Amino acid sequence: MGDLQVSEKIVTRVVDLRSDTVTKPTEAMRAAMATAEVDDDVLGFDPTAFRLETEIAKIFDKEAALFVPSGTMGNLISVLVHCDIRGSEVILGDISHIHIFENGGISTIGGVHPRTVKNNEDGTMDIGLIEAAIRDPRGELVYPTTRLICLENSHANSGGRCLSVEYTDNVGELAKKHGLKLHIDGARIFNAAVALGVPVHRLVQAADSVSVCLSKGLGAPAGTAIVGSKSFITKARRLRKTLGGGMRQVGILCAAALVALQENVGKLEGDHKKARILADGLHEIKGLRVDASSVQTNIIFIDIEESSRTTAAKLFKDLEERGVLVMPESSTRLRIVLHYQISESDVQYTLSSFQQAVKGVQNEHGN
């Protein structure tokens, strides 16, 4: 994956596990981008964008789809379409991506109030707590108006855990009971579908809208699609323009996304298998704590025990010097994300690098 300059040392092997967003376009993607048929998508005439949107809508069994530059914009647009009156309220998890990692956009841009419910370890929220968070319409004089529930599948901050069809259906039924909409942040929805062995359209059947990241597990260079009803997408297209997401010859990006859909969904199971192998190996290293049984998809959290005599920052640096790139989460936690450009050999090299880094620190302290 190229040379890396680290602390005046040349590392000839780089294993980039910071995220599944770091993949490089394949030759097939580059070829598709170079030959893509394009036009002005803001005017609605880019044929490759149209082909991608038609294919995505079909895969998800929704009426229509829209390509947007990023997952953050896709979620923002979806929330704002459903909560089109300022002062509306959305119920979502307290460690959900929309709430934590999207710059508070639903509030700062859309005037939508977030009402958080505690996420369980598996990424779910208790149905009873969701229902209890729905505002009583009789208090409309003083309360925000609940209009939307958001789920995330797979759930990034829960270590890539997957929300089941049954759970999602139950939340959908609750939303309908109270006249609310359901949006799914499906940044890694294909990972969840593969891990659960469920067709992706069935997994989101209860949802009124879904955002589908094309540049994470699927490895496209950029972009997200949002899916929903025709009326939803009509409103979403207008909001995309408002937010500066309308692009001209966007078919160049959509061509790569089409290749990702065709070639990389089938590779996700391999990513998950390599993640479990890596998690099992890390679990055996004294001083590290990894709940290997909870690794369902391609995300691993590594907790650093006090007995290891190291910190996430030091371990991060030691690994970087060996060419292994990871993501610090806190002073005692690291995150690893597998993707299809990580080989079995890379997994073994990563394990060896962790072992050497932890052992080196312990030797420094005479352990």
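Strands, like helices, are taken here as DSSP runs numbered from the N terminus, a strand having at least two residues. In this predicted model, strand E12, which covers residues 299–304, gives the most to the lining of the largest pocket, with four residues. That pocket has a volume of about 400 Å³ and is lined by 20 residues, among which Glu121, Ser158, Ser294, Phe301 and Arg333 lie nearest its centre. By class, the lining of the largest pocket divides into eight charged, six polar and six nonpolar residues.

The second largest pocket holds about 330 Å³ of space, and of the 18 residues that line this pocket, His82, Lys181, Asp208, Ser229 and Phe232 lie nearest its centre. Two or more lining residues are given to the second largest pocket by each of helix H3 (71–82), strand E7 and helix H10 (230–242), and the largest share, three residues, comes from H10. Seven charged, seven polar and four nonpolar residues make up the lining of the second largest pocket.

Considered as a whole, the protein chain contains 14 helices and 15 strands. The C-alpha trace spans about 65 × 55 × 35 Å along its principal axes. The radius of gyration of the protein chain is 21 Å, which agrees with the value near 21 Å that a compact globule of 367 residues would have. Of these 367 residues, 54% count as buried. Among the contacts between residues at least 6 apart in sequence, 73% join residues at least 24 apart.

The largest cavity has a volume of about 80 Å³, and of the 14 residues that line it, Gly93, Ser96, Cys150, Leu151 and Glu152 are the closest to its centre. Strand E5 (88–93), helix H4 (97–100) and strand E7 (145–152) each supply at least two residues of the lining of the largest cavity, with E7 giving the most, three residues. In terms of class, the lining of the largest cavity has six nonpolar, six polar and two charged residues.

The second largest cavity, with about 40 Å³ of space, is lined by His97, Glu152, Ser154, Ala156, Asp185, Ala187, Arg188 and Lys216. Four charged, two polar and two nonpolar residues are found in the lining of the second largest cavity.

In the model, Lys216 lies in the loop between strand E9 (209–213) and strand E10 (224–228). Lys216 counts as buried because its relative accessibility is 14%, buried being defined as under 20%. When residues up to four places away in sequence are left aside, Lys216 touches Asp20, Thr21, His97, Ala187 and Arg188.

Terms used. Residues numbered from 1 in each chain as written. Predicted model: local features only at pLDDT ≥ 70, side-chain atom pairs only at ≥ 80, totals over all residues. Heavy atoms only, no water. Buried < 20%, exposed > 50% of the residue type's maximum accessible area, 1.4 Å probe, protein only. Contact = heavy atoms within 4.5 Å. 1 Å grid on protein atoms, 1.4 Å probe; cavity = no way out; pocket = protein on both sides within 12 Å on 5 of 7 lines; lining within 4 Å. Points joined across faces, edges and corners; volume = space filled by probe spheres on them. Nonpolar A, V, L, I, M, F, W, Y, C, P; charged D, E, K, R; others polar. Rg over C-alpha atoms; globule rule 2.2 N^0.38 Å.
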